[in-house]
Amino acid sequence: MEEMSHFSQDQVPKPAWKTAGSWLSSPLSLPGNSSFHQPTVFILLGIPGMESAHNWISASFCSMYATALAGNSALLLAIATDSVLHKPMYQLLVMLAMTDLVLCSSTGPQELSIFWSGSREISFSGCLAQLFFVHSFYGVESALLVVMAFDRYVAVCQPLRYVSILPTMVIGKLGLAALLRNLTLGLPLVFLVYRLPYCHTNVIPQTYCEHMSVAKLACADITPNVVYGLTVALLAMGLDIALIAGSYGLILRAVFRLPSRDARVKALSTCGSHVCVILTFYFPSFFSFFTHRFAHGFPLHVHVILANLYLLVPPVLNPIVYGAHSREIRQSLWRLFSHGSFSAGP
């Protein structure tokens, strides 16, 4: 995800920069008797070139953010209060829903404050915290999709051993490993940005703080930022995609060996919702990446919108997709909202 928001300098509009006295903190002493500064605040432009449409865009973003909050909260409530759903598969959905809530809430309130109140300032520490949560929990969700692909592999290829291979404790450990891996990978991004001197502008042509969009404002060599970002993207995200593809390759091989057509359809249907989630998670981000890399001259506002969509679309669609494909979740939600009662057991 690191290179998703790189914009060439000629794409960035020329805003009025803040004066040094209003946005620079005390100077940082660096070798060579040079004096550089860190900003006390950054200015987020929102969606450059589409200021006149900010009201309309804010309505869409607000609807998506509210849907994500409501859908994931309802999913968590349904699973927590219905003992029928206390199974390993639904434990993974709890982790996914919690990750989605963190991911969309890391940027949603900031974006709405830009659109509604024109409040474009974010503190330097707040910006670092935001980019940490965005990059870390995007990686957490990717890792959870790997665990869910393995879950589907066991369910289809080893159904009689499912409970013994993936008990609740193992699912919890895999979720914790996904969290720790990406928090560990996210921390260096904070230090790489914090170490940089900023002496030209504090204006970010974005709606939120993303690693490279902040690093590109520095008046120093950002090669370590670029190298680390690409390394993490290729190793972590690349490994996740390879593992997911491998799991589904094994699933398809097992499914097409089944003797009856009905058995094949039933086996594939258990994976349908997960495949939809994978597509909605990876497709917008990779579309943004490739259009930036290969479609030169692509409008800046389109890049910014895509950078927001791959953080908002998965949290919006995930609870809808799983709710539509899981009869047990639909029944639990129906009891929750229609009758106010919950199942006491299987």
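Predicted model: local features only at pLDDT ≥ 70, side-chain atom pairs only at ≥ 80, totals over all residues.
Residues are numbered from 1 along each chain as its sequence is written, and side-chain values use heavy atoms, with hydrogens and water left out.

Helices (H or I, at least four residues) and strands (E, at least two) are DSSP runs, numbered from the N terminus. Relative accessible area was computed with a 1.4 Å probe on protein chains only; a residue is buried under 20%, exposed over 50% and partly exposed in between. Strand β3 comprises residues 41-44 and is covered on both faces. V41 and I43 on one side are buried, as are F42 and L44 on the other. Strands are taken to pair if DSSP finds at least two bridges between them. With strand β4 (residues 121-123), β3 pairs in the antiparallel sense over three bridges, and the partner of F42 in β4 is I122. With strand β5 (residues 203-204), the pairing of β3 is parallel and rests on two bridges; here I43 has V203 as its bridge partner.

Rings of Phe, Tyr and Trp (its six-membered ring) were counted as a pair if their centres lie within 6.5 Å, with planes under 30 degrees apart called stacked, over 60 edge-to-face and the rest tilted. The structure holds 11 aromatic pairs by this criterion. One of them joins F42 to Y198 in an edge-to-face arrangement, at 5.7 Å centre to centre and 80° between the planes. This pair links distant parts of the chain, as F42 lies in strand β3 and Y198 in the loop between α6 (168-194) and β5, 156 residues apart. F42 is buried, at a relative accessible area of 0%, and Y198 is also buried, at 0%. F124 and Y194 form a tilted pair, with 6.0 Å between centres and 45° between planes. F124 belongs to helix α4 (residues 124-157) and Y194 to helix α6, and the pair connects parts of the chain 70 residues apart. F124 counts as buried at 8% relative accessibility, whereas Y194 is partly exposed at 46%. Ring pairs link F42, F124, Y194 and Y198 into a cluster.

An unreviewed UniProt entry lists residues 56-78, 128-150, 162-180, 226-255, 267-290 and 302-325 under "transmembrane region". UniProt positions are given in the numbering used here, feature names are shortened, and annotations may be inferred rather than shown by experiment. In the model, residues 56-78 are 100% helix and 0% strand, with end C-alpha atoms 33 Å apart. Residues 128-150 are likewise 100% helix and 0% strand, and their end C-alpha atoms lie 33 Å apart.

Helix α6 has 27 residues. The expected span of a helix is 1.5 Å times one less than its number of residues. For α6 this gives 39 Å, in agreement with the 39 Å between its end C-alpha atoms. The buried residues of α6 are I171, G175, A178, N182, G186, L189, V190, L192 and V193. Elements that cover them (contact: heavy atoms within 4.5 Å) include α3 (88-117), α4, α7 (211-215) and α8 (223-255).

A search of the whole structure for disulfides, defined as pairs of cysteine sulfur atoms within 2.5 Å, finds two. In one, the sulfur atoms of C127 and C209 are 2.0 Å apart. The torsion about its S-S bond is about -120°, so the disulfide of C127 and C209 is left-handed. C127 lies in helix α4 and C209 in the loop between β5 and α7, and the pair links parts of the chain 82 residues apart. Both C127 and C209 are buried. Another disulfide joins C199 to C219, with an S to S distance of 2.0 Å. C199 is in the loop between α6 and β5 and C219 in the loop between α7 and α8, so the pair ties together parts that are 20 residues apart in sequence. C199 is partly exposed, at 30% relative accessible area, while C219 counts as buried at 19%. When the bonded cysteines of the chain are numbered in sequence order, the pairing is 1-3, 2-4. Accessibility was also computed for C104, which is buried at 0%, and for C157, which is partly exposed at 21%.
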